[in-house]
Amino acid sequence: SNTGTAKLFLFREGNQTGLEVAEQGELSIFEGDGVTSLANLQIKQAFGTSWVISGNLAGSEFTRGQRLNILDLDITESLNQLSFSMDYLGSAKWNILTGAGIFQNEISYQGQVPIYDENSPINSYDIDVAYKDVDSHVFQELQGQIGDKLQYTVGWRGENHTLSNTFTFDPRFSISIPLTEEATLLFSGGRYHQLPSLDYFDADFGNASLQPQRSWHAISGLSFEKDKYLFRLEGYYKRYSQLVTEGSNRNFDSNGNGYSRGVDIFLKRNHPRYSGWVSYSFLQSRREWLRAPNLSPTRFDISNQLTFVGKADLSLRWHLAFSYRFTTGRPYTSSATTYLDSRVPDYHKADASINYLRSFFPGNLTVFFFAVANVFNRDNIFDYRYSADFSRREVVNSTMRRNVYFGLSFTF
């Protein structure tokens, strides 16, 4: 209608995998299968000129099976959500958004799992467990403007988890201060939390008393946009607490902490014939988390990332594109007495493509394309896999060496 909308999205797909693998010196066949289902209904309705009410009902399920010799495991994950919000427009300079919702998360494991322990009297055990959390939340957000320039958002979110039997209250804010017509200063901050993975709450293998993991965020930035240029600079600092750690007396505790800090830079240039952008990110992440013996780097502590993308229209028919990406190597553990103490070699990858567009009759668009991935055929190393006593090391390489693609797409 003129004052409301309703959208329904349905999705379902399945897959099957068969792979020959070497396990304990013998070749075996790994069989996997999975089914993903998703349904999402969104409704939005305006009442007069001041009220807009929105609702969302969604559900998803992901099932997958894994079979390899003794291993015979079925995993089912389901997510269900019901939420609504009310947006009240008080005037041209402020509005308030209020909402609530219920989110149910459940995961189950059924089947047989092998035991890789020579001292164990059995070689497998049966598993039939399920974990479930119901998250109910409320939130409120005030957006407004002071004077002709300064814009602000202040809000809070309260959340209750049945699995951890905890209630959290998270305040948040953001401020936008225009300096000129082209430049704007941005500040934001607040508290966030995330429940540990549900299987960490297992009464036997985990800890049913774990707490939600918490973090405080502080972010500042500068945005500049003029003519064909866009420039963004952002710095951030995040402090973590109550992270999951492997406990000394219990399987897991909520005693971990950590931080991450970094800078993101983005520059874009647009032109009718050519365009491109370059981005750079610096990150330092340290956490006492899971198996980390102290404040240590994390697996995703990629210190430097540089990306460049360029496009050129040589004519109405010919188009070129090029991209390059560099990242610092990810951390890995090199011995039994250390933890994430070394890094794999840096990652480099360059791609290029050329397209030719042609119309053979009215309504037709035919695209001939030729592309090369990993132009310089670099052998990037993703990780090192060690034996249990670290006496042997296996290199985990990228499977994407230089690849050449060509073909055409035809529409009418």
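## Buried or exposed: a starting point

"Buried" here means under 20% relative accessible area, "exposed" means over 50%, and "partly exposed" covers the range in between, using a 1.4 Å probe and protein chains only. Threonine 307 has 19% relative accessibility, so this residue counts as buried.

What you're looking at is a predicted model, where local features need pLDDT of at least 70 and side-chain atom pairs count only at pLDDT 80 or more, while totals for chains, interfaces and linings use all residues. Residues are numbered from 1 along each chain as its sequence is written, and side-chain values use heavy atoms, with hydrogens and water left out.

Threonine 307 sits in strand E15, residues 304-313. (Strands are DSSP runs of E with at least two residues, helices are runs of H or I with at least four, and both are numbered from the N terminus.) Contact means heavy atoms within 4.5 Å. Setting aside residues up to four places away in sequence, threonine 307 touches Trp277, Val278, Ser279, Tyr324 and Arg325.

## Arginine 287, another buried residue

Over in strand E13 (residues 274-288) you'll find arginine 287. With 14% relative accessibility, arginine 287 counts as buried too. Beyond its neighbours within four places in sequence, its contacts include Tyr240, Leu243, Asn257, Gly258 and Phe300. Glycine 258 is 29 residues away along the chain, yet the two C-alpha atoms are separated by 4.0 Å.

## A nonpolar patch

Leu8, Leu10, Leu41, Ile43, Leu57 and Leu82 make a nonpolar surface patch of about 590 Å². Strand E1 (4-23) and strand E2 (26-47) are the elements that give two or more residues to the patch. Leucine 82 belongs to E4.

Patch members have over 30% relative accessible area and no salt bridge; nonpolar side chains (Val, Leu, Ile, Met, Phe, Trp, Tyr) are joined within 5 Å, like charges within 9 Å. A salt bridge is a side-chain nitrogen of Lys or Arg within 4 Å of a carboxyl oxygen of Asp or Glu. Accessible areas come from the Shrake-Rupley method with a 1.4 Å probe, and for residues only the protein chains shown count as cover.
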